[in-house]
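The stops below go one selection at a time.

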Amino acid sequence: MSTSLNILLIGSGGREHALAWSLARSPLVEHVYVAPGNGGTAQMAGKVTNVDIPTTNFEKLRDFAVTNDVNLVVPGPEQPLVDGIEPVFQRIGIPVFGPTPLAARMEGSKSFSKEFMARHSIPTAAFRSFRAEEYETACKYVNECGHRVVLKASGLAAGKGVLIPETVEEALRGLEEIMVSKVFGSAGDEVVIEEFLEGPELSVLAFSDGYSILPLPAAQDHKRLLTSDRGPNTGGMGAYAPAPVATPQVMQRIMKESLEPTIRGMRKDGYPFVGMLFTGFILTEQGPKVLEYNVRFGDPETQALLLLLESDLAEILLACVERRLDSITLNVRPGFAVSVVLAAQGYPGSYSKGDLITFEGLPEGAQVFHAGTSMKEGKVVTAGGRVFAVAAYGDSIEGALKLAYDGVDKVRFQGKQFRTDIGHRALSASEPQSKGLTYAEAGVSIDAGNTLVEIIKPLVKSTRRPGADASIGGFGGVFDLAATGYRDPLLVAGTDGVGTKLRVAMDVGKHDTVGIDLVAMSVNDLIVQGAEPLLFLDYYGCGKLDPQVCASVVKGIVEGCKDAGCALVGGETAEMPSMYAGDDYDLAGFAVGAVERSLLLPRANIKPGDILLGLASSGVHSNGFSLVRKIVSLSGLSYSDVTPWDSSLTLGEELLKPTRIYIRQLLPAVKRGLIKGMSHITGGGFTENIPRVLPAGLGCTLDLSTWSRPHVFAWLSQLGGLSSQEMARTFNNGIGMVLVVDAAQVSEVIECIQKTGEKKVFRIGRVTDIPGVVLEHLEAWNA
């Protein structure tokens, strides 16, 4: 995209005036067209021009954009986004800073967004949704739920579709108004009834490109019309930022528990979010919980926040639509910014229009952003309920407020009404005091841990073997080495994880195979040294313990241990809310094995002419997944899509195939002394792993035509543009274990392995006297 931007800004409110003001200051911007704009944008001149096209006429907006070389569209209000303006411009190659209609449902349907939060374990209030025809059922729920409720019209209601009744009787009247009398029109065709939550509220506006998310300072707005939070709800009577209650610790939890999981969840569900995600939070005793999502810049928060933004707004918007937000550093000014809304008499009900507005010597530094204004015979007149937002910046909240209210005094129109206490929460700084913390309030559930132990005890018990009874619950695992029959044993230990394959498991929601991977990565590293795995321990770290998910992981670990013949003798489950986001978790495994001293591998007698045999892998196994995930993101496929090579298999199922465990196949040959050395093909592929078992001065050749490379590797190579050499040093390419054997014993080794049930053993290369790994018949991979 050209760095000379012609921007079409859609909307007519104070938010759009503030955006036009900020964008016009950018050296990247050639012109800002505002459709339809207001009296304030009409007076800006210079780079800013009003365009008399309503926000609902997508066809005329599209034609105007083409005629005037527009190369970025920025919708201000939510309605055009919900109605599908984004694909109108995307179809003709003009990017839009704003979500698709599917993603815009996060604001367009409160029931949809609540179900999304429940699905992705994002903290929010308990809720039920009811359609209009379920009015009687909704009333019954309000009567029987046992807690105070909040009523929300599910559809768009211009920021006014929320009722907060004090009593059950008020709640029932509210349901009648929304569901029967239709005071919010079709927005009330479905109603969300939420548990009432108590605590300070926050507005967090954050830029996103569908992958990364960058928040602006948290703001607090003032929804009630009158001072002291009295009167009816409005679209917002003022805001300030940053809010003192949004401490670094609070913001970290908001990012890790809500914002990042939201962006990740939307991408996983097939509607990645590009634009401004404006999320309302309430700070409860249990932590921040999401009240609602909005999919555009907030009003009046934007008018204050843009005074804090030091970075180039146009550059940020461009980075979002080009999916490179991670290249941006968001810089904000220290200090505070406030906005005070001036409303017409009668707002939020009916109000007069056309009243003359005058300005008398505005103080320097105060910004007056027009909202409900228009030009009439060269004069500015009222044209909406919220007429202006007067915004100001100061080193302190007191300084910013004084400047803003000085500006308020200089704006005159008939019936002007405004709140005199914007920022009162920051001024009072009266945060509720805790009654005393519990471990649960810190985010750690001992009860969940106890539940998990009871679930997994019988699973773990099934891994018992000579030397261990596989009982858990003690301070450490015990193993009786004497019971194994070794005469002169050496102990071999290994530890490993599963890497970012876990991200795939979490995105797919399938957790029962990564435990097998965890065991495989450690025990395969034992067998290559000739060791029989004896015992295994695991570590499971998470932000919030879900006993069922963890038990599913442990089920896989148990399956892996039984396949490897080792006992699961213990483990650690760590619940750390400040370390992991949402439902994220991490795994580590630790295995110990034994080998007779005389059978320790690799042996020193490996020589040129020895043969390399290969055992097949199940697929990608557990390495290279950072690259795999990058390629998947470029492919346009989701994990739920079928693979291009097998319509019966989804991409997620292919990538989550567990790593093969080779103990049962190899241990008989190892104990007979038939194998000189082995290499477990993990990260580093062939070129890094095979030389690890060869004596200094030796190398090998690999004949790539001796086995059929699985389709998944050809797909990764093609989509990622990876050369054969890069594939060979990154992935296993279908061979998960390489054996070094004497040429005279090849047949005996193959026969020994096949007796265990292994169907195919591949003769893939030979040892040479030239260091390194030479790849022969590369054309086999290029076919």
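A nonpolar core here is a set of buried Ala, Val, Leu, Ile, Met, Phe, Trp, Tyr and Cys residues joined through side-chain atoms within 4.5 Å. Buried means under 20% relative accessible area, exposed over 50%, and partly exposed in between (1.4 Å probe, protein chains only). This is a predicted model: local features need pLDDT of at least 70, side-chain atom pairs count only at pLDDT 80 or more, and totals for chains, interfaces and linings use all residues. Residues are numbered from 1 along each chain as its sequence is written, and side-chain values use heavy atoms, leaving out hydrogens and water.

**Stop 1: the cores**

Select Tyr585, Leu655, Leu666, Met678 and Leu739. These have the most contacts inside the largest nonpolar core, which has 97 residues. At least three residues come from each of domain 4 (446-596) and domain 5 (610-781); the bounds come from an automatic or database domain assignment.

Now center on Met678. Which residues does Met678 touch, beyond those up to four places away in sequence? They are Ile527, Val528, Leu601, Leu666, Val670, Val693, Met737, Val738 and Leu739. Contact means heavy atoms within 4.5 Å.

Another core, of 72 residues, lies apart from this one; Leu81, Met117, Val204 and Ile254 are among its members.

**Stop 2: strand β28**

Select 611-616, strand β28; five of its six residues are buried. Helices (H or I, at least four residues) and strands (E, at least two) are DSSP runs, numbered from the N terminus. Two strands pair if DSSP finds at least two bridges between them.

Leu615 sits opposite Met737 of β33.

**Stop 3: a four-stranded sheet**

Show the open sheet with order β5-β8-β6-β7 and antiparallel pairing. Its edge strands, β5 (127-131) and β7 (162-163), each pair on one side only. Look at β6 (residues 149-153), which pairs with β7 over two bridges. Lys152 stands opposite Val162 in β7.

Next, select helix α7 (residues 110-119). α7 lies across β5, β6 and β8 (190-195), at about 45 degrees to β8. Axes are lines fitted to C-alpha atoms, for helices over the stretch in contact, and angles run from 0 to 180 degrees between N-to-C directions.

**Stop 4: Thr279**

Finish in strand β15 (residues 274-284), at Thr279. Is Thr279 buried or exposed? Thr279 is buried, with a relative accessible area of 0%. Its contacts beyond four places in sequence include Leu202, Val204, Leu259 and Tyr293.
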